[in-house]
Amino acid sequence: MQLDVYFVLTPRFLMLDLSGPAEAFAYAVRHGAPFRVHCVSPTPTVRNALGLSVGDLEPLPDALPPGALVFLTGVMGAATGYENPESRAVVAWLRRVLTPQQRLACVCSAALLAGEAGLLDGRQCTTHHSLTGRLRELAPRAEVLEDRVFVEDGAVCTSAGVTTGIDLALHLIERHAGAVTAQTVARELVVWQRRTSNDPQISPWLAFRNHLHPSVHRVQDALSRAPERPWPLEELARLAHTSVRNLTRLFREQTGTTIVDYQQRIRAAQARQLLEDPRMSVEQVAERVGFGSARALRRVFVQVYGAPPRARRRSAAATLTARTAARRTRV
């Protein structure tokens, strides 16, 4: 099912807050991801922080489709940058149209708009380091976190500033289109592939990718596409167009880990997703991702995540129960 992504623009918006995440989604679409990108504003033309006019913008929609993602962009001089009729219209629009069926993402100072609209109440969030005090004033019921690239709390994501919008976009692309698509987009954008949210664990799907060696990337791509299958070193070496000995050296040199450890981490990440399905036993999950037994899965899972698979299952069940209760309360 296609997912609509709305980038909301106000006067003096930062071009990178728009172009970074929007290009990431556009690249994902080129690789088959089900996104449809819109640029919307209270006015058909908006002048950005560089003084350039951006036109042919769609109007703010009267209603949003279920599952839609709304991206708010930051502005230059955020302390006073939202004191204009267009920004006031956006705050009123957010209060009116956003429901629990949509997701909200705020880049940099845009968290101030979300705070004014009351959308951060009771949630953890972040913003640019120079604006955390202002955000606390606007959203006293929110828990504003320092020193975070981005924070995800339920259906709301907030990022620290400017380039972190790309990190947030990659995270959301991974969530809706899969880790392999997010990896591919990050490689084409030539950005460090990181995923640092309020989850203390870095995603193994995006870790160990902070290099530009094409042979090692080809091996990582193959392991990511099919982590469950056995991969003889000879086959991986052929993909890398090098010898087994040189590949093992290159892989450790470029990633800081071994091929076996990388594959085990990818398998554990895949298992972590499957454990959210209560219909699958831990033994079935272990078999699905390529571990020989539930015991082998448990050993690697504890190494990667610091807790056994059953703890992840309990956590997923508790989160689902809490979200269901929250929806009923809002209704």
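Reader: Is Cys 108 buried or exposed?

Author: The model is a predicted one, where local features need pLDDT of at least 70 and side-chain atom pairs count only at pLDDT 80 or more, while totals for chains, interfaces and linings use all residues. Residues are numbered from 1 along each chain as its sequence is written, and side-chain values use heavy atoms, with hydrogens and water left out. Buried means under 20% relative accessible area, exposed over 50%, and partly exposed in between, with a 1.4 Å probe and protein chains only. Cys 108 has 5% relative accessibility, so Cys 108 counts as buried. Cys 125, at 0%, counts as buried too.

Reader: How many disulfides does the structure have?

Author: A disulfide is a pair of cysteine sulfur atoms within 2.5 Å. The search of the whole structure finds 0.

Reader: What span should helix H6 have, and how far apart are its end C-alpha atoms?

Author: Helices (H or I, at least four residues) and strands (E, at least two) are DSSP runs, numbered from the N terminus. The expected span of a helix is 1.5 Å times one less than its number of residues. H6 has 14 residues, 164-177, and should span 20 Å; its end C-alpha atoms are 19 Å apart, which agrees.

Reader: How many residues of H6 are buried?

Author: An α-helix has 3.6 residues a turn, so residues three or four places apart point the same way. In H6, 11 of the 14 residues are buried, and the helix is mostly covered. Among the buried ones are Thr 164, Asp 167, His 171 and Glu 174. Just after H6, Gly 178 takes a positive phi of about 100 degrees.

Reader: Which residues does Asp 221 touch?

Author: Contact means heavy atoms within 4.5 Å. Not counting residues up to four places away in sequence, Asp 221 touches Gln 183, Arg 187 and Arg 209. Asp 221 lies in helix H8 (residues 214-225) and is buried, with a relative accessible area of 15%.

Reader: How many aromatic pairs are there?

Author: A pair of aromatic rings is described by the distance of the centres and the angle of the planes. Rings of Phe, Tyr and Trp (its six-membered ring) pair if their centres lie within 6.5 Å; planes under 30 degrees apart count as stacked, over 60 as edge-to-face and the rest as tilted. The count comes to 7. Phe 25 and Phe 35 have ring centres 4.9 Å apart and planes at 90 degrees, so this pair is edge-to-face. The pair links distant parts of the chain, with Phe 25 in helix H1 (residues 15-30) and Phe 35 in strand E2 (residues 35-41). Both Phe 25 and Phe 35 are buried.
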